[in-house]
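Thanks for coming. I will go through one structure today, starting with the chain as a whole and ending with a sheet.

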Amino acid sequence: NEWTINFNLRGEFEMDNNLLFTEIVRMFEDKVIRAWQNGLVSTMLTNATAYTTSVLDDTFVIPDNGLAVIAGQSVIEGMFFTPDTVVMNPSDIFSAMFTQDIDGKPTIKPYMTIDMQGNVRINGLRVFSSYVIPAGTALIGEAGVYKEWHTSFILRFGTYNDQFIKNEKSAIGEVFSLLRIANNEKPAWMALNLATVKAALLKP
């Protein structure tokens, strides 16, 4: 895939505001990098399999997002993969971490921890936050089954149409990326509809 973003600027701006111009180019690079990384997550989400059933169905009185992720983890491990990563919308992470009992006391969840580096983990799975993942969805899987190659950030300047006459030019930022996964390893990643999974986990 090719991730490309462009913007226009006037020639005088670069000459008169060199430090500010440099900072804008840095921000532009960040925007391109984010587009590339978000594209990778979107592709992984598209490739992921859907949750059907697990050994944890019909077993929890109050299933939450963390338990839904663990249910997905159990299915993936049952197919002889080793899930180590979960990507969730920030709203779903917070609602999983901070809950109360009927008396208003914070509930302690042994399967949700924060390690020494401040990383949130659900039953050992490293949790990553991304707005690319829709609220109500979790992407879980084994990171090592994906291989990714990419170029460094490429920045080019040029003019088109009447930009030269108007003393304007365009900047194009690019990253070329190749994301690969074998078809027989796609089941190592699963997309969970959290509401659907929690309903399946609920004890009758």
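One thing first: this is a predicted model. I will begin with the surface. The accessible surface of the chain is about 12,000 Å², and carbon and sulfur atoms account for 58% of that. As for the interior, 38% of the 204 residues are buried.

Next, the overall form. The chain contains five helices and eleven strands. Its radius of gyration is 22 Å, whereas the globule rule gives 17 Å for 204 residues, so the chain is more spread out than a compact globule.

What share of the contacts between residues at least 6 apart in sequence join residues at least 24 apart? For this chain that figure is 77%.

On charge, there are 16 positive and 22 negative charges in the chain. Their mean positions lie 0 Å apart.

Now the sheet. Seven strands form an open sheet with mixed pairing, and their order is β2-β11-β7-β3-β6-β5-β4. Which strands stand at the edges? They are β2, residues 49-50, and β4, residues 112-114. Each has a single partner strand, so one side of each has no neighbour in the sheet.

Strand β5 covers residues 120-122 and strand β6 covers residues 125-129. The two pair in the antiparallel sense, over two bridges. Opposite Arg-126 in β6 stands Arg-121.

That is the end of my part.

Terms used. Residues numbered from 1 in each chain as written. Predicted model: local features only at pLDDT ≥ 70, side-chain atom pairs only at ≥ 80, totals over all residues. Heavy atoms only, no water. Helix = DSSP H or I, 4+ residues; strand = E, 2+ residues; numbered from the N terminus. Rg over C-alpha atoms; globule rule 2.2 N^0.38 Å. Buried < 20%, exposed > 50% of the residue type's maximum accessible area, 1.4 Å probe, protein only. Contact = heavy atoms within 4.5 Å. Areas by Shrake-Rupley, 256 points an atom, 1.4 Å probe, with all protein chains shown as cover. Lys, Arg positive; Asp, Glu negative; His and termini not counted. Charge placed at Lys NZ, Arg CZ, Asp CG, Glu CD. Pairing = 2+ DSSP bridges.
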